[in-house]
4 protein chains.
Amino acid sequence: MIKVGIVGGTGYTGVELLRLLAQHPAVSVEAITSRSEAGVKVCDMYPNLRGHYDTLTFSEPDARALGALDAVFFATPHGVAHALAGELLEGGTRVIDLSADFRLRDADEWSHWYGQPHGAPALLDEAVYGLPEMHREKIKHARLIAVPGCYPTAVQLGYLPLLEAGLIDPTRLIADCKSGVTGAGRGAKVPSLLAEASESFKAYGASGHRHLPEIRQGLNDMQASPVGLTFVPHLTPMIRGIHATLYSTLTAGADDLQALFEKRYQDEPFVDVLPAGSHPETRSVKGNNTCRIAVHRPQGGDTVVVLSVIDNLVKGASGQAIQNLNLMFGFDEKLGLDAPALMP
Amino acid sequence: MIKVGIVGGTGYTGVELLRLLAQHPAVSVEAITSRSEAGVKVCDMYPNLRGHYDTLTFSEPDARALGALDAVFFATPHGVAHALAGELLEGGTRVIDLSADFRLRDADEWSHWYGQPHGAPALLDEAVYGLPEMHREKIKHARLIAVPGCYPTAVQLGYLPLLEAGLIDPTRLIADCKSGVTGAGRGAKVPSLLAEASESFKAYGASGHRHLPEIRQGLNDMQASPVGLTFVPHLTPMIRGIHATLYSTLTAGADDLQALFEKRYQDEPFVDVLPAGSHPETRSVKGNNTCRIAVHRPQGGDTVVVLSVIDNLVKGASGQAIQNLNLMFGFDEKLGLDAPALMP
Amino acid sequence: MIKVGIVGGTGYTGVELLRLLAQHPAVSVEAITSRSEAGVKVCDMYPNLRGHYDTLTFSEPDARALGALDAVFFATPHGVAHALAGELLEGGTRVIDLSADFRLRDADEWSHWYGQPHGAPALLDEAVYGLPEMHREKIKHARLIAVPGCYPTAVQLGYLPLLEAGLIDPTRLIADCKSGVTGAGRGAKVPSLLAEASESFKAYGASGHRHLPEIRQGLNDMQASPVGLTFVPHLTPMIRGIHATLYSTLTAGADDLQALFEKRYQDEPFVDVLPAGSHPETRSVKGNNTCRIAVHRPQGGDTVVVLSVIDNLVKGASGQAIQNLNLMFGFDEKLGLDAPALMP
Amino acid sequence: MIKVGIVGGTGYTGVELLRLLAQHPAVSVEAITSRSEAGVKVCDMYPNLRGHYDTLTFSEPDARALGALDAVFFATPHGVAHALAGELLEGGTRVIDLSADFRLRDADEWSHWYGQPHGAPALLDEAVYGLPEMHREKIKHARLIAVPGCYPTAVQLGYLPLLEAGLIDPTRLIADCKSGVTGAGRGAKVPSLLAEASESFKAYGASGHRHLPEIRQGLNDMQASPVGLTFVPHLTPMIRGIHATLYSTLTAGADDLQALFEKRYQDEPFVDVLPAGSHPETRSVKGNNTCRIAVHRPQGGDTVVVLSVIDNLVKGASGQAIQNLNLMFGFDEKLGLDAPALMP
């Protein structure tokens, strides 16, 4: 039984960590921090956790207390993990950061997109990008994990087999992505109200979104040429789920794309390639850590369309964080992540 | 490890049994029947089950095959369990019926509300009404369980402490209930379309609903006088969840109703009395077997308002069925039912 | 063509006034105020109004400018109309207040429920409660209208025929009401987020809601005895709509309740009594000023169940305000309010 | 006042015609046909129409009765207008067909996509494709209108300025489209149930959808080269609305795309180009005949992203049909179509 803590536990990724870890047989949540809610019991804020964490209470962040734990999750806005990760790592506590703080390897690019200096550039060399389907071996030995963003997870897993195999033109990629509203976080903002966001659909950030450089970096790692990527995120009126529709152009001949995908992911516990002709639904992964994928080639032409769905709070955040923890601590990769999606 | 089967597994209670049983460490699903889908793999119909039941296939109902199992769930329309239960019981297979077939003890009343003769009146004496909070000991020794309906579960658990204590007038009960649309089943009907049922709210069956006699029978079992009950169900635009708002009039003096509820349910694993002043949300039990309850006395008058929420597919159907199975087979009552609700 | 202004136009009732008045042939909106949005064009905030109010801009409230208009709507939080109404009335501008400021005739009771002194008690005698089905003649000659709240409108119209006819016991009324989330306004609050409020149902204010004294006052006006009312509001996951389910006990014999309702409302342009056995859906009045009503007597007993639906932003606020304006200025009562509901 | 009829009025485009025509001052609906509902009053099926069409009753289709009208709308599945249009046109009744029957000019292509022979190839030369922004003058003199499909409307209006100006490569167009569920019609199908389609997002028809050849034909009409188009439709959990996200590659230099769009649509009553940097929401056109468009050029590169939204039942069907009727009969093009969208 390892002991973990959660920094910044009041948001959706924090409560999702609690929900999932309640079913994890080898992890005990010993601390959860929140400046704004210090002193409040987590089950008073999240009644679904009544009976599961009846004594766990939000506390002020305290580096000493966190340093006594085996691992700490950061479920915080960007910038927070920068300030605390170094001290925790020095003390031997492993850090699994769900924020964007260590996702980009280039501190200057991070500064450009996040509008502030990078707070811990010395740790960038050590940080491992926590996409197990790309970096499983590194993750096993990592001390500091940058858990991928939600859109980047869905997009990278969709393009991975094609780019690794060198079958598509990497300079003309189009990722049209749709997210449920938990992707916008738990902040009280008018556009996220049910009265504003339901019964409507819209794009946002069409001119540039912070997940763009992260996706680009990940796709560049898959092959030699610099990718050209257009990424347009959209808001869809539902709570959870991301659907990525990925367009690219075949450069080589008539490969069996279905077989390519099935082979690439045959040993992956959390990537499920659907039968040819399928259209994955986001609800098929609701509450679950799986990415379901289908690949199409409309009218047999040279355009490939990949459909990739995840739960943004699970494989796109808290579930993937636990998958990383399982790898880091030598547990079965699926431990605590084995419940089927909630459907209907 | 006991072996179970599911008759009529294509509906929402069937797939919910599969979802929940996938996490049950002591149960193996050996058979699932459906005339219409015989030969189809369950994971082709329900992609959330991919990776969990990869070989389980719908089969034609076959009394011999079912008779080789330890227990059989009926997740069927009314009338089906009537025809098969007797033979299974004779062969030593226990029957847990999620339909209405054995809920009413009076065959004539059953005929009146269901518009056809009762198909197995000889079994009525033996059938146990599977509400553990009322009939736990009988359930432990039962061979045939009538799993309560969804509305009846929420309503009975809400009134139970008040009626047992004799504090309210049983002749003027009003149960105003609201259900998500899975309560209407998986049938393809125009009023259940998203385009018809979302962004709208309506009552139905105001003049008489089949759950009325079941609730009445249950409330009568709690005290001596015949109850007078007005029951109005409503459809609310969401997938899962029932909210019962229960009105009654205090006949005795100023009892501490909060303490009454807390004491009555202190040892119940699946009834959670919220702190005074609370308003339970249906989402706090989404996918979960708990009934959460709050009790109010507006303006300190003699009207009591009880708010009771369940997931209609879990505590209102499949979860309660498994809770019964756990009791019947001597397992921990919470086995396989311990995951927190999905929230948000 | 009369000239009107709107004070506090950024909320949902404000934009709904603009939407409806865009179709009103005899009204011109000359001013709309908002401290927070002064200088912003209304069509930049509400893109549905592009092409309809292309020059109308939010301005700072200015009593002189408002005083030059024929009528001013207040779509403000409580307390604002108190401060401005008197000056406007003196200058000859009629005031139609959609807030709670003049709904209760008793200043002390207002203070009790709103937690502050009443700001304009001298105007209470003059204020007319703007429920045309009760006070049409007074409205025609009024200078100051208190537009009824949304719940009070649905509840009063549902009980009106029964109480006027003296058929039910007024001391045991139960109003179980359900509202879409626009009823909570456009404020940025966590519980109103789509991620929190959708796929869930809950009661709120079970121990006391500010609409309770307003409803009680209205029901008292319908007959001689003081009413006893239990009112429990609920939040339902949809944008618009209120459904009131109203319970009462018949004191007299077997009247034809259907005929009673049809007769009482036969000349009302905005109350529609559905055929016997109906269940009104809130979507049938989406965007529309009608209240649709059905009356039931379950199992022929002495309990009457009235089902009453309105659009909380139309008949429950802005549409009713315009209906009042039509009466005050001698227009056809339906002018500008004649479009069918949006369905589906 | 002209007299019109509707063939096949029970579906969503039929009821939407009724809703919109209730506000049209120059049109009287004299007949509405439905084999399945003959004898039923429309307001019994659609309670939002109570008070608007209190005597209009569904009738059996009768060519003689329809032939006495000025115009007939077909709101039918494909194949029905083929059978009746010719006779009506001969008798002098104009035909506005909302189905797919006359959208494709090539009868063979129609047969290929619809799996049956074209039933009225002789009328194809005469049929005018009813997209006023492309064919306004022809529409004015047409006797037979093929109202464009919903996706084709949103896509064509989005690409029109770019293709007419020859600024983009027509051989690599990608239209990623999202529709509310009314696009699937009012048929009782399991995947359209609220319990199945809400809280989920999915693509469908990725390998080929019947709107593909229609869009291709329309885009080919805008410029000389044959277009290459990938079209992927998706289902989004809401009632109404289409959002088209349109990708293309600039071939020429750095044009001012915003100015191009504004100029092209400056005189169009139902196309609204939003300010630079905008993201149109589908709710901004709910119930309304406008197409709102924004154009983006992410990171200043050579990819153009056009965002185009319509209400699939209005500009994508019934509203556009009335816009065509207005042009054909010399009315103001906006007559009866002037109400703002319902928002929130």
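**Helix contact within chain A**

In this predicted model, A:C150, A:T153 and A:L157 of helix α7(A) meet A:K315, A:G316 and A:Q320 of helix α11(A). By class, this contact of α7(A) with α11(A) comprises two nonpolar, three polar and one charged residues.

Two packed helices are described by the angle between their axes and the distance between the axes. For helix α7 (residues 150-164) and helix α11 (residues 314-328) of chain A, the axes come within 8 Å and cross at roughly 100°. Because angles of 65 to 115 degrees count as roughly perpendicular, α7(A) is roughly perpendicular to α11(A).

**Extent of the interface of chains C and B**

Chain C contributes 44 residues to its contact with chain B, and chain B likewise contributes 44 residues. Between them, chain C and chain B bury about 3800 Å², with 51% of that area on carbon and sulfur atoms.

**Polar and charged pairs across the interface**

Six salt bridges are found across the interface of chain C and chain B. A salt bridge joins C:D302 to B:R172, where the closest N and O atoms are 2.8 Å apart. The interface of chain C and chain B also has 28 residue pairs in polar contact, both residues being at pLDDT 80 or more.

On the side of chain C that touches chain B, at least two residues each are supplied by β8 (173-179), α8 (194-197), β9 (202-203), β10 (229-235), β11 (242-249) and β14 (303-310) of chain C. By class, that side of chain C has 18 nonpolar, 15 polar and 11 charged residues.

Terms used: Residues are numbered from 1 along each chain as its sequence is written. Chains are lettered from A and ligands numbered from 1 in the order in which they are written. This is a predicted model: local features need pLDDT of at least 70, side-chain atom pairs count only at pLDDT 80 or more; totals for chains, interfaces and linings use all residues. Side-chain values use heavy atoms; hydrogens and water are left out. Axes are lines fitted to C-alpha atoms, for helices over the stretch in contact, and angles run from 0 to 180 degrees between N-to-C directions. Helices (H or I, at least four residues) and strands (E, at least two) are DSSP runs, numbered from the N terminus. Angles under 35 degrees count as roughly parallel, over 145 as roughly antiparallel, 65 to 115 as roughly perpendicular and the rest as oblique. Contact means heavy atoms within 4.5 Å. Ala, Val, Leu, Ile, Met, Phe, Trp, Tyr, Cys and Pro count as nonpolar, Asp, Glu, Lys and Arg as charged, and the others, Gly among them, as polar. Buried area is the accessible area (1.4 Å probe) that two parts lose on being put together, summed over both. A salt bridge is a side-chain nitrogen of Lys or Arg within 4 Å of a carboxyl oxygen of Asp or Glu. A polar contact is a pair of N or O atoms within 3.5 Å; within protein, one must be able to donate a hydrogen and the other to accept it, and residues adjacent in sequence count only if both atoms are side-chain atoms.
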